[in-house]
Amino acid sequence: MIRVLIADDEPLMRAGIKAILGTADDIELVAEAGDGREAVRIAQERRVDVAVLDIRMPRLDGLAAARELRSVAPSVRVVMLTTFGEDDNIVRALSDGAAGFLLKDSAPEELLRAVRAVHSGEAYLSPMVTSRVVGMVAQVGQPRRQAAMRQVEGLTDREVEVLALLGLGMSNADVGQRLHMSEATVKTYVSRLLAKLGLTNRVQAALLARDAGLAN
């Protein structure tokens, strides 16, 4: 079972998310929170696999909560949920360690896909978010491109191949099929890449791959 915590300051929204999660046999809602501070406390006290966080919350917003969870509960995967699709929120959420990003007007099945994807170590961005990320990458300036290229200089050829495929949005299974490796071996490469590059999740790795011009 995937143990999920939801945090949103709107009771009606929490009820809607709870109803959606309740349709899945492999997902268990273990706790609800009305703000980010409460969500962080619960994640420290109970076993939580995935936290679904609203960005706009009192006391501690979702972005700040995601940052704190990286320190106090690093095993918790974060899906960010918001009605706002501004580019700065997307960038901040991904840099703060979120592995999933959904807009609140996404289809219910997207939430289930996101929870399952991030729990398995994958990333999930709603189609609208993906298009914004691609647009931002397309506008990468030369200094940022050069910095990204320097960051990947120490990688082996095989690590570069894996990173490039992550930049194309491929899952571990897809990468394994393309490079003729087992899924377990791909997971090992991904973990090694994140450690060598000082990154938190595969979304950040994918953005770095695009910044460096590897995912074309």
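**Reading a sheet, a buried aspartate and a helix face**

Mentor: Welcome! We start at Asp54, which sits in strand β3, spanning residues 50-54. Keep in mind that this is a predicted model.

Trainee: Thanks! Which annotation covers Asp54 in UniProt?

Mentor: According to the unreviewed UniProt entry, Asp54 carries the annotation "modified residue: 4-aspartylphosphate".

Trainee: Is Asp54 buried or exposed?

Mentor: The cut-off for buried is under 20% relative accessible area. Asp54 has 4% relative accessibility, so it counts as buried.

Trainee: Which residues does Asp54 touch, leaving out those up to four places away in sequence?

Mentor: With that exclusion, its contacts are Ala7, Asp8, Asp9, Asp61, Gly62, Leu81, Thr82 and Lys104.

Trainee: How should I read the way strands pair in a sheet?

Mentor: The general idea is that strands of a sheet pair through backbone hydrogen bonds, and they do this either parallel or antiparallel. Here, six strands form an open sheet in the order β2-β1-β3-β4-β5-β6, and the pairing is parallel. At the edges are β2 (27-33) and β6 (124-125), each pairing on one side only.

Trainee: How many bridges join β3 to β4?

Mentor: Five bridges link β3 to β4 (residues 77-82), and the two strands run parallel. To find your place in the viewer, look for Val50, which stands opposite Arg77 in β4.

Trainee: Where is Arg3, and is this residue buried or exposed?

Mentor: Arg3 lies in strand β1, residues 2-7. Because its relative accessibility is 15%, Arg3 counts as buried. Beyond its sequence neighbours up to four places away, Arg3 touches Glu28, Val30, Arg46, Arg47, Val48, Asp49 and Val50.

Trainee: Which strands does helix α2 lie across?

Mentor: Helix α2 (residues 36-45) lies across β1, β2 and β3, and runs at about 130° to β2.

Trainee: Now for helices: why do residues three or four places apart point the same way?

Mentor: An α-helix has 3.6 residues a turn, so residues with that spacing point the same way.

Definitions and conventions. Residues are numbered from 1 along each chain as its sequence is written. This is a predicted model: local features need pLDDT of at least 70, side-chain atom pairs count only at pLDDT 80 or more; totals for chains, interfaces and linings use all residues. Side-chain values use heavy atoms; hydrogens and water are left out. UniProt positions are given in the numbering used here, feature names are shortened, and annotations may be inferred rather than shown by experiment. Helices (H or I, at least four residues) and strands (E, at least two) are DSSP runs, numbered from the N terminus. Buried means under 20% relative accessible area, exposed over 50%, partly exposed in between (1.4 Å probe, protein chains only). Contact means heavy atoms within 4.5 Å. Two strands pair if DSSP finds at least two bridges between them. Axes are lines fitted to C-alpha atoms, for helices over the stretch in contact, and angles run from 0 to 180 degrees between N-to-C directions.
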